[in-house]
Amino acid sequence: MTTTTSGFKPLDGLLVLDFAQFLSGPSAALRLADLGARVIKVERPDGGDLCRRLYVSNLELDGDSTLFHSINRNKESISADLKKPEDLRLIRSLIEKADVMIQNFRPGVIERIGLHYEAVNEWNPRLVYGEITGYGTTGPWRSKPGQDLLVQSLSGLAWLNGNADQPPVPFGLSVADMFAGAHLVQGLLACLVRRSVTGKGGRVEVSLLESILDFQFEVLTTHMNDGGKLPERSSVNNANAYLGAPYGIYETEDGYLALAMGSVVQLGKLLECEDLERFHEPSSWFTHRDGIKAILRNHLKSRPTAYWISRLEPADYWCADVLNWKQLLEHEAFRELKMTQQTVTGNGATLTTTRCPIRIDGQLLLSPLGAPKIGEHNDKIISEVLSG
C-alpha cells in the first residue's frame, strides 16, 4: 500500500465554497478537500466560524479550538462581511467560478443574505448547491436549533439506548452532525456526476433529523411493520433492543467482553456454563433475554477477558475485547491502518489528527495542511478573482 500527499486525487480541479459553521457542513467540505477539491472557507471577519470557540476539554491550538482545527484542516479561508455590497460582489465572483457551495444557515437566513439557491443558480447554473438544516425547511420544527443532542433526543435515538431502568442515553459523539455531513457529500457527488452528463448543477438538501432517522432505518422499519409495537430495552446490559441474548457488553475479572449474535447453547459449552445449555429453543434467547444475560453477567466476572476470548475465538464465536482509546492507539491493528496524520498551520502549529478513511487505488489520502486563520488567504484569493 502506498500513501500520497500530492498528485492526482479524484476531485482535483474542483472549487468548493464552504459557508458552513460548526460540524455538519464543514465536515462535508473537509471530505471533499481530502478527495482533492480546493475548499475555500468563507467566514465573517469578526470571529469567523463559531466552531473556532467551541472547545472540547478546553483544548486550544493557535488561538482556536482543536475541534475547529480537526474539522477545518486542508482548507483556505477568506473573510467577508456579507452585509457589505463590496464583499458580496467579491463572493458572487467566487460563486460564479465555483463547482460546489455548502451552507448550513437556519431556514430564512440565507434568503436574507441573498445567497439562496434560486439566486446563485442564475449566476452559475453549473453550481452544485448543498445545504444542511436541522429539521428541513418546512414544518413545525423548521426554526428549532439544529443541535446534535437535541436532534438525538427528538429522533428516538437517545430513547433507544441504555438499559430498561435507565433514562434515555445519548451517543457520546455528534452522530447527527457527522451522518448529515456524510449524506451531504453523497448527494453532492451524485449531482456532480449528473452534471458531467447534463451540464447542469443542482440543489442537495440534507437535515440532521432525516440523517439520524436513516441511521435508525433497520429498527424503525421493524417498528413500522410490527404493528407499531415499541421495542423493549433489555434490563441487563442492553445493546440492541431488538436482539436477543447474548448480545451485549459484559464485565469480566479485569475488563469487559463484547458478545454479538450466536447460539446460547454453544456459548454455554464454550464458557463451561451449564446454566446456559438448557435454553435449547432459539426463541427463548429473546423471550428469556434478561435471565440469560444475568447468568452471563455473573459467570463472566470469574475470569479475565483474554481467557474468555481464547475460548471463543477459536470456535469462531463473535466476541471482542472492549478497548479504551489508549489501548486502541497502542494496538498493532490500529497502527497497521496508519489512521493518523500530522497537520501544520501557516503559523507552524502542529496537530495530530485522523486521516480520510477512504483509499483510492490503494493510496491513502493525506494532507499536511492545517486549518486556516480567519481571512488567511484573502490577498491570494482576491488577486485570483481580479485577474479573472
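Select Phe171, Phe179 and Phe215: ring pairs link them into a cluster. Rings of Phe, Tyr and Trp (its six-membered ring) pair if their centres lie within 6.5 Å; planes under 30 degrees apart are stacked, over 60 edge-to-face, the rest tilted.

This is a predicted model, where local features need pLDDT of at least 70, side-chain atom pairs count only at pLDDT 80 or more, and totals for chains, interfaces and linings use all residues. Residues are numbered from 1 along each chain as its sequence is written, and side-chain values use heavy atoms, with hydrogens and water left out.

By the ring rule there are five aromatic pairs. Next, pick Tyr117 and Tyr129. Their ring centres are 5.5 Å apart and their planes at 65°, so the pair is edge-to-face. Tyr129 is buried, at 0% relative accessible area (buried is under 20%, exposed over 50%, partly exposed in between; 1.4 Å probe, protein chains only). Tyr117 is also buried, at 17%.

Move to Tyr307 and Trp308. This pair is edge-to-face, with 5.2 Å between centres and 70° between planes. Trp308 is buried at 2%; Tyr307 is partly exposed at 24%.

A charge sits over a ring if NZ of Lys or CZ of Arg is within 6 Å of the ring centre and within 35 degrees of the ring normal. Arg289 does likewise over Phe286, at 4.8 Å from the centre.

Finish at Gly370, buried at 5%. Leaving aside neighbours within four places in sequence, Gly370 contacts Arg73, Asn74, Lys75, Thr343, Val344 and Thr345 (contact: heavy atoms within 4.5 Å).
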